[in-house]
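Q: Could you take a close look at one part of this model for me, the strands in the middle of the sheet and the aromatic rings around them? I'd enjoy a connected walk through it.

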Amino acid sequence: MLAPTTDQQHVGRPSRDLGNHLESYQGESTAPYSLHMVKAAMEVFKTDPSIKVVSSQPTNWDATKASDITTNVLQQNPDLCGIFSVWGPQTVGAAQVVKNAGKKGEVKIFVASDGQPADCDMVEQGLFTKNLSYRADTQGEAIANAVLTLLQDNRPAGTTQLAYYTTNYWVSSKDDRQYCFVVPKE
């Protein structure tokens with residue numbers, strides 16, 4: 001069986017420069033993708049007693065829900081200084097709330113995503129602080145290469161184990177644009 005994956009334990013280890021009052025977004029509360037990243041992030045946050053996670057909620061991958069949650073969290077925690085999210089599109093809503101509250105740059109937003117251009121646009125606009133891109137397009141290429149390798153292998157099915165790795169990269173400016181995939185215009 002082949003399945004695209006990233007090392008969510010690694011991806012979920014955000015930079016320590018988020019600040020000390022944080023909120024964390026999951027996609028769906030039971031999605032392994034969210035669970036692994038949030039678990040890894042919380043392990044890092046727990047190592048520093050000055051860090052207080054004031055909210056960790058699922059958004060069901062919805063930007064509007066992230067917007068609503070961020071509005072409430074900012075009202076209850078005006079000293080919020082960081083947001084960690086497991087996916088870019090849901091975080092757009094949170095970034096807009098932060099911008100509208102006049103806290104752009106003050107509340108740092110770190111997101112992990114598949115390298116889609118819109119997330120890199122958010123970094124370039126200063127709405128996301130950093131985007132940990134794991135490039136879904138290169139993962140797809142790796143999976144295609146694995147399939148081709150298995151199809152050319154003469155050994156019985158189920159006896160070959162393969163590992164193909166792709167690189168994660170923190171996108172923090174327009175200079176890092178090559179770590180976001182390009183959508184062909186056809």
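A: Happy to. One cut-off first: a residue counts as buried under 20% relative accessible area, as exposed over 50%, and as partly exposed in between. Please keep in mind that this is a predicted model.

Let's begin with strand S3, residues 82-85. Gly82 and Phe84 are on one side of S3, Ile83 and Ser85 are on the other, and all of them are buried, which leaves both faces of the strand covered. In general, side chains in a regular strand alternate between the two faces of the sheet. S3 runs parallel to strand S4 (residues 108-113), and 4 bridges join the two. Within this pairing, Gly82 has Lys108 as its bridge partner, while Phe84 stands opposite Phe110. To get from S3 to S4 the chain passes through helix H4 (residues 88-100), in a β-α-β crossover that is right-handed.

S4 itself has 5 of its 6 residues buried, so this strand is largely enclosed by the rest of the structure. Its pairing with strand S5 (residues 130-133) is also parallel and has 4 bridges, with Val111 opposite Asn131. Here the chain crosses through helix H5 (residues 117-124), and this β-α-β crossover is right-handed.

Now the rings. The structure holds 5 aromatic pairs. In one of them, Trp61 and Trp87 have ring centres 5.6 Å apart and planes at 90°, so the pair is edge-to-face. Trp61 belongs to the loop between strand S2 (52-58) and helix H3 (63-76), and Trp87 to the loop between S3 and H4, so their contact ties together parts that are 26 residues apart in sequence. Trp61 has a relative accessible area of 26%, so it is partly exposed; Trp87, at 23%, is partly exposed as well. Another edge-to-face pair is formed by Phe110 and Trp170, at 5.7 Å centre to centre with 85° between the planes. Because Phe110 lies in S4 and Trp170 in strand S6 (residues 169-171), this pair ties together parts that are 60 residues apart in sequence. Phe110 is at 1% relative accessibility and therefore counts as buried, whereas Trp170, with a relative accessible area of 23%, is partly exposed.

Trp61 and Trp87 belong to one aromatic cluster with Tyr33 and Tyr134. Over at Trp170, the charged end of Lys130 sits over the ring, 6.0 Å from its centre.

Key:
Residues numbered from 1 in each chain as written. Predicted model: local features only at pLDDT ≥ 70, side-chain atom pairs only at ≥ 80, totals over all residues. Heavy atoms only, no water. Buried < 20%, exposed > 50% of the residue type's maximum accessible area, 1.4 Å probe, protein only. Pairing = 2+ DSSP bridges. Right-handed = clockwise from strand over helix to strand, strands pointing away. Phe/Tyr/Trp six-rings, centres within 6.5 Å; stacked < 30°, edge-to-face > 60°. Lys NZ or Arg CZ within 6 Å of the ring centre and 35° of its normal.
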